Amino acid sequence: MSVAAVVLAAGGSTRFGEPKQLAAFEGETFVRRIVRAAIDAGCVPVVVVTGEDSAQVILELTGIPISVAVNPQWSSGLGSSIGVGVRYAMDLAADLDAAVLLTCDQPFVSAATLRQLIQLRLTSGKPIVASAYAATLGIPALFDRSCFPDLLQLKGDSGAKGIILSRQHDVAPFNFPAAAIEIDTPADYPRFLAPNEKVSIRAEEFVKRAALDRL
């Protein structure tokens, strides 16, 4: 099965205060980390959608076999970036079977995670495989090419979650609690490192801490 990866890296990181795509975790930037996971999982092509910080992101990924799709309308919202990325992937691979949507701020997404996501598409026969976490469904998510027209019609801030929730009969849920861990603000970032330690905490422990913070 031919599966593309569309990495959404066009956001302005307004709440984070600086390009979070370039923030480091375990010695590697978030964008490089997710791109490597997609490549190691066998996704071809890997399309990185850039926007405000396009030049910096492209420089960070120099020498890595990816394709860059610049979204001039990145500020209009996530939906436009999804459309740009999926269209670019379709142009690169006419025989594409599916596409996986990825963001830079879910650092516990690994190549193994993506391989399991793709395998579930094959075993379930469902056109959509979405991560199940925090009592909802979302990305990372895989969409069969039959879903591409819906993805291409997304506008503004309307992301793929709306498609997933409106077509739950077409969705195979992939149990992935760590998908709930996102980096949106500077306050989120330090939680990845134990106090005064250089190693990151395990995903399970991070989930527990995040849950306690919400109480």
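**Exercise 1. State the accessible surface of the protein and the part of it that belongs to carbon and sulfur atoms.**

Solution. The model is a predicted one. Its accessible surface comes to about 10100 Å². Carbon and sulfur atoms account for 54% of that surface. As for burial, 52% of the 215 residues count as buried.

**Exercise 2. Describe the make-up of the protein in helices and strands, and the sequence separation of its contacts.**

Solution. Count the elements: the protein has seven helices and nine strands. Then take the contacts between residues at least 6 apart in sequence; 69% of them join residues at least 24 apart.

**Exercise 3. Classify the packing of helix H1 against helix H4.**

Solution. Step 1: locate the helices. H1 covers residues 30-40 and H4 covers residues 111-124.

Step 1: Two packed helices are described by the angle between their axes and the distance between the axes.

Step 2: read the values. The angle is about 45 degrees, and the axes are 8 Å apart.

Step 3: apply the cut-offs. The crossing of H1 with H4 is right-handed.

Step 4: list the residues that meet. From H1 these are Ala37, Ala38 and Asp40; from H4 they are Ala111, Leu114 and Arg115. Sorted by class, the contact has four nonpolar and two charged residues, and no polar ones.

**Exercise 4. Name the buried residues of H1, and say what follows the helix.**

Solution. The buried residues are Phe30, Val31, Arg33, Ile34, Val35, Ala37 and Ala38. After H1 comes glycine 42, with a positive phi near 90 degrees.

**Exercise 5. Is aspartate 144 buried or exposed, and which residues is it in contact with?**

Solution. Aspartate 144 lies in strand S8, residues 136-144. Its relative accessibility is 13%. The cut-off for buried is under 20%, so aspartate 144 counts as buried. Setting aside neighbours within four places in sequence, aspartate 144 is in contact with Asp97, Ala98, Arg121 and Pro127.

**Exercise 6. Where is proline 177, and what is its relative accessible area?**

Solution. Proline 177 sits in the loop between strand S9 (171-175) and helix H7 (203-214). The relative accessible area of proline 177 is 44%. Exposed would require over 50%, so proline 177 is partly exposed. Between proline 177 and phenylalanine 108 there are 9.9 Å in space, C-alpha to C-alpha, although they are 69 residues apart in sequence.

Definitions and conventions: Residues are numbered from 1 along each chain as its sequence is written. This is a predicted model: local features need pLDDT of at least 70, side-chain atom pairs count only at pLDDT 80 or more; totals for chains, interfaces and linings use all residues. Side-chain values use heavy atoms; hydrogens and water are left out. Helices (H or I, at least four residues) and strands (E, at least two) are DSSP runs, numbered from the N terminus. Buried means under 20% relative accessible area, exposed over 50%, partly exposed in between (1.4 Å probe, protein chains only). Contact means heavy atoms within 4.5 Å. Accessible areas come from the Shrake-Rupley method with a 1.4 Å probe; for residues, only the protein chains shown count as cover. Axes are lines fitted to C-alpha atoms, for helices over the stretch in contact, and angles run from 0 to 180 degrees between N-to-C directions. A crossing is left-handed if the near helix is turned anticlockwise from the far one by less than a right angle, and right-handed if clockwise. Ala, Val, Leu, Ile, Met, Phe, Trp, Tyr, Cys and Pro count as nonpolar, Asp, Glu, Lys and Arg as charged, and the others, Gly among them, as polar.
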